[in-house]
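I opened this model to look up a handful of local details, and I kept notes as I went.

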Amino acid sequence: MEIFDYDNILLLPRKCRVQSRSECDAGVELGGRRFRLPVVPANMKTVVDEKICAWLATSGYFYVMHRFDLDNLQFVREMRAQGCFASISLGIKQADYDTVDRLKAEGLTPEYITIDIAHGHSDSVRDMIAYLKQHLPQSFVIAGNVATPEAVIDLENWGADATKVGVGPGKVCITKLKTGFGTGGWQLSALKWCARVATKPIIADGGIRSHGDIAKSVRFGATMVMIGSLFAGHEESPGKTVEVDGELYKEYYGSASDFNKGEYKHVEGKRILEPIKGRLADTLVEMEQDIQSSISYAGGRKLMDIRKVNYVILGGDNAGEHLLM
């Protein structure tokens, strides 16, 4: 198989069919709802909080709330009170099963539930999917994270409505250094590999360093792209503000870091400082305009037209033009 990552790939333009890039529709459908963009901020404590999630939901964007030090029931109640859809994260421990029981008892069904596990191809994820499908059958279940076609096939067969692909490619993830495993350095070709067998949506998670990487993710099979570092470091971001040599930064750390865990045990994440970028709303507008430009370069009008383009691989054994595949 071809091994490449975002930096090794360029998409090839097709004849433009629009008068203005603003004619292009960057929206996408997931779980019966339509969203303005195929992107979702990572469900991490330094990326999203209750206020950001409510704003995203009311503004037409998809979100996934993190699962750390959070009362999921209260969060769902608050989103309901604001007329917003509820999108939560769960783990696979007893406390997470108890949360499902309490949600069911209160008649609270989150529209989206993400099973958020570092190694999602596991019996414990299989069991949680089955429990969710039994007790909250109306919820759209996203399960992950995985790295192989075998894992995607299993999760879909177990009942997942979408799978999250990416093990350790994120900016604050050190999984490959700590364990020797993961998709760091070849996330885009892992996505392509997994998408070939998928019959349900894939959320590409990790490794996005620029807006153009979103288009590349869609080209190779992603319906939605989860992004951490590009969404961290905004004025509204929940990370702590830090001043270094007169410049302001925001904390950004991995969910498997000791900063998030509160202890140094099975650590696969680190902490970095992101320069403050301004307002999240401005970044989302720029992101939408850039994706519209990508669609126009693809000779299309809609997001999925990006899947019709050819691409080149830069450098290495696989270098050269590659036809639709």
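**Ground rules**

I am working with a predicted model, in which local features need pLDDT of at least 70, side-chain atom pairs count only at pLDDT 80 or more, and totals for chains, interfaces and linings use all residues. Residues are numbered from 1 along each chain as its sequence is written, and side-chain values use heavy atoms, with hydrogens and water left out.

**Entry: the parallel sheet**

I began with strands, taking helices (H or I, at least four residues) and strands (E, at least two) as DSSP runs, numbered from the N terminus. Two strands count as paired if DSSP finds at least two bridges between them. What is the order of the seven strands in the open sheet? I read E4-E10-E9-E8-E7-E6-E5, and the pairing is parallel. At the edges I found strand E4 (39-41) and strand E5 (87-90), each of which pairs on one side only. Neighbouring strands of this sheet are turned by 25 degrees against each other on average, direction ignored. For such angles, axes are lines fitted to C-alpha atoms (for helices over the stretch in contact), and angles run from 0 to 180 degrees between N-to-C directions.

Strand E7 (residues 140-146) and strand E8 (residues 162-165) run parallel and are joined by four bridges. I noted one partner: Ile142 is bridged to Ala162 in E8.

**Entry: the antiparallel sheet**

Next I turned to an open sheet of three strands, ordered E1-E14-E15, with antiparallel pairing. Its edge strands are E1 and strand E15 (320-322), each pairing on one side only. From one strand to the next the twist averages 30 degrees. Between E1 and strand E14 (residues 311-313) I found three bridges in the antiparallel sense, and Leu10 stands opposite Val312 in E14.

As a reminder to myself, strands of a sheet pair through backbone hydrogen bonds, either parallel or antiparallel.

**Entry: helix H8**

Is helix H8 (residues 212-219) enclosed or open? For this I call a residue buried under 20% relative accessible area, exposed over 50%, and partly exposed in between (1.4 Å probe, protein chains only). Helix H8 is largely enclosed by the rest of the structure, because seven of its eight residues are buried. The buried residues are Asp213, Ile214, Ala215, Lys216, Ser217, Val218 and Arg219. Just after H8, Gly221 takes a positive phi of about 120 degrees.

**Entry: salt bridges**

I counted a salt bridge wherever a side-chain nitrogen of Lys or Arg lies within 4 Å of a carboxyl oxygen of Asp or Glu. How many does this rule give? The count comes to 18 salt bridges.

- Asp25 and Arg34 meet through their side chains at 3.0 Å, N to O. Asp25 is partly exposed at 32% relative accessible area, while Arg34 is exposed at 52%.
- Arg80 and Glu111 form a salt bridge at 3.2 Å, N to O. This pair links distant parts of the chain, 31 residues apart: Arg80 is in helix H2 (residues 72-81), and Glu111 is in the loop between helix H3 (94-106) and strand E6 (112-116). Arg80 is partly exposed at 31%, whereas Glu111 is buried at 19%.
- Asp282 and Arg279 have their closest N and O atoms 3.1 Å apart in a salt bridge. Asp282 is partly exposed at 44%, and Arg279 is partly exposed at 41%.

I also noted a network in which salt bridges that share partners join Arg67, Asp116, Lys164 and Asp205.

**Entry: cysteines**

How many disulfides are there? With a disulfide taken as a pair of cysteine sulfur atoms within 2.5 Å, the count is zero. The closest cysteine sulfur to that of Cys16 is in Cys24, and at 6.8 Å it is too far for a bond. For Cys53 the closest cysteine sulfur is in Cys84, 9.8 Å away, so that is too far as well. Cys16 is partly exposed, with a relative accessible area of 43%, and Cys53 is buried at 0%.

**Entry: a surface patch**

Last, I checked the surface for nonpolar patches. Patches are made of residues with over 30% relative accessible area and no salt bridge, with like charges joined within 9 Å and nonpolar side chains (Val, Leu, Ile, Met, Phe, Trp, Tyr) within 5 Å. Accessible areas come from the Shrake-Rupley method with a 1.4 Å probe, and for residues only the protein chains shown count as cover. Met1, Ile3 and Trp193 form one such nonpolar patch, with about 310 Å² of accessible area together. Met1 sits in the segment before strand E1 (9-11), and at 58% relative accessibility Met1 counts as exposed.
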